[in-house]
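Here's a quick tour of a two-chain model, meant to be read with the structure open beside you. Let's take a look.

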Amino acid sequence: MNRIHTAFETGKAFIGFVTGGDPSIEKSEEFILKMVEAGADLIEIGIPFSDPIAEGPVIQEANLRALAAGTTTDRLFELVSSLRQKTQVPIVFLTYLNPVFKYGYERFFGRCRDCGVDGIIIPDLPYEEKSDVAEHAGACGVDIISLIAPTSEERIRRIAENATGFLYVVSSLGVTGIRSEIKTDLDSIMKTVRQYSQVPAAVGFGINTPKQAKTISRIADGVIVGSAIVKLCQQYGDDAGGPIYDYVKSMKEAILEK
Amino acid sequence: MNKGRYGVHGGQYIPETLMNEIINLEKSYEFYKNDPQFNRELEDLLNNYAGRPSLLYYAEKMTKDLGGAKIYLKREDLNHTGSHKINNVLGQALLAKKMGKTRVIAETGAGQHGVATATAAALLDLECEIFMGKEDTDRQALNVYRMELLGAKVHPVTSGTQTLKDAVNETMREWTSRVHDTLYVLGSVMGPHPFPMIVRDFQSVISREAREQILEAEGKLPAAVVACVGGGSNAMGMFYNFIEDEDVRLIGCEAAGHGVNTDMNAATIANGAPGIFHGMKSYFCQDEYGQIAPVYSISAGLDYPGIGPEHAHLHDIGRAQYVPVTDEEAVDAFEYLARTEGIICAVESAHAVAHVRKLAPEMNPDESIIICLSGRGDKDVAAIARYRGVDIHE
């Protein structure tokens, strides 16, 4: 068993995302360790892709910055190896299928196992297409994290029953990015998820403020925040470590409030 | 994993948010394609609005000049809106209406598909938004204005390389944010299943007509059919009803830009590798880490880093052949056809004409070739002038 379950053992989890290599591999390592220090329970590292179709402008731009800085899949494996000297926080990759396919499924997941990557989120890999990838990932102890969308309806059952690691419940239609309001009926989606799965379920897409995080944490096992953190990387560049620490701390505290 | 496969290619690699909508589209299409009422309405639109059937024109002067096989042009450039794109768009827009959608969205490269979609939306009372790379809105400013005249909203896409692939990205993103009342009218035989099948079926009218027309004119099948390939919709339409005719060579012409050995081309079969992108497994121009490569062609409509999955399969099994054609060869052919036959074709279609200039002289006069002349060239006149260093003030 990999490390993912440990994120949910001590209460509601805060899951933080950075695009790997934005602004540099060294800084990504620093930002990730800051998030862990501030209380993040699980880390998502985005492997940048030229055409991230599920991302809004903030993470799209981070992808391009990271690629322009020379980030490659191999360098991100090295980043995780280096992080593993310092932390046992669960780490999952988020990327699109082509970089994984091109690397070769067997080789990619073998390196995940060797470097200490616990899971992977692939937004353009729906349930119907997952078996081939899941077989290779499973053989290496890497969980495929499945997504459930506001439009999933009767598909929730099949996805939830076959879930591994944790479930990523998408809060809203559209792409990633900060939203002032989340209108989806998450309560009823979460109820359906619980009915069919024991796997922890975390909610992401659009979550930005401690207040939103607190509300979501009442109904979910974890809160996923991406664009708000990436925006700090964009705003502060090399100096984003401090602001990221403060932000993650405030979010984690909001989640833990009774 | 087995839906919409062409050999190993195809599939449905899209975000979960779109899955139910894609399944709904497939079910609706499977129903309406066999619905007599739907087919009557579509045929009426194709014949009485788009101007089908299109001519199969015997290019006698070109034939004599090249001194080999007889050359026929399938005149999709004469369709309403000036290209083959209208065939697919009328089908999909009618399908959208039947599905109860009130809004259509589409990507466009050269603007042909955007104009066709805006046209169908105007006719069928659908709201319409078009996504077009910023670079292409500059290259094809007239088409942008044309779409606006037709009542569509045009969004210049400033992400990535600001061309066709980015327009597709942005249309997909828009679709995930508003699925219930909106159909993505995809313009080529690409994307997730069922799009490659739907677009092929609606475009196959090209080869259905051409096959009858050539049998009428020549009493036998052509030795070869030739079409340009970006995503590959006119080529798929031109090939489809000849696939079973094993003696008919199927030839697709890819955009080689400055040359297949330069980094300025869009020749996917020549330079691409297997990949999974834009909802499908196929061949894509990409780097060793699977990052999609920036591609280039003088033709905005062929400036795409992938190819439809059915073409990828036809290539794999050796049924179709894909050849690279450079900017220079395409521009020469554009001018050649204008002078020889008095036809200004799209620079996309000129890629097919260019290959036939090499192919026809090697063949016998009792053989024939059909070129799919996929579009007319008014939109390209300014770009060709620029290419030749001629300054024209519009």
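What follows covers an annotated domain, the contact between the chains, and one pair of packed helices.

Keep in mind that this is a predicted model. In chain B, an unreviewed UniProt entry annotates residues 52-375 as "domain: Tryptophan synthase beta chain-like PALP". Over that stretch, the chain is 41% helix and 21% strand, and its end C-alpha atoms sit 14 Å apart.

Now for where the chains meet: 34 residues of chain A are in contact with 30 residues of chain B. On the chain A side, these elements each supply at least two residues:

| Element of chain A | Residues |
|---|---|
| α2(A) | residues 57-68 |
| α4(A) | residues 97-103 |
| α6(A) | residues 131-139 |
| β6(A) | residues 147-148 |

Of the elements on that side, α4(A) gives the most, with six residues. By residue type, the side of chain A that touches chain B splits into 17 nonpolar, nine polar and eight charged.

Back in chain B, have a look at helix α14 (residues 327-341) and helix α15 (residues 347-359). Their axes are 7 Å apart, and the two helices pack at about 90 degrees. Angles of 65 to 115 degrees count as roughly perpendicular, so that's how α14(B) and α15(B) lie to each other. From α14(B), the residues in this contact include B:Phe334, B:Tyr336 and B:Leu337, while α15(B) brings, among them, B:Val347, B:His351 and B:Arg357. The contact of α14(B) with α15(B) comes to nine nonpolar residues, one polar and three charged.

Terms used:
Residues are numbered from 1 along each chain as its sequence is written. Chains are lettered from A and ligands numbered from 1 in the order in which they are written. This is a predicted model: local features need pLDDT of at least 70, side-chain atom pairs count only at pLDDT 80 or more; totals for chains, interfaces and linings use all residues. UniProt positions are given in the numbering used here, feature names are shortened, and annotations may be inferred rather than shown by experiment. Helices (H or I, at least four residues) and strands (E, at least two) are DSSP runs, numbered from the N terminus. Two residues are in contact if their C-beta atoms, placed from the backbone, lie within 7 Å. Ala, Val, Leu, Ile, Met, Phe, Trp, Tyr, Cys and Pro count as nonpolar, Asp, Glu, Lys and Arg as charged, and the others, Gly among them, as polar. Axes are lines fitted to C-alpha atoms, for helices over the stretch in contact, and angles run from 0 to 180 degrees between N-to-C directions. Angles under 35 degrees count as roughly parallel, over 145 as roughly antiparallel, 65 to 115 as roughly perpendicular and the rest as oblique.
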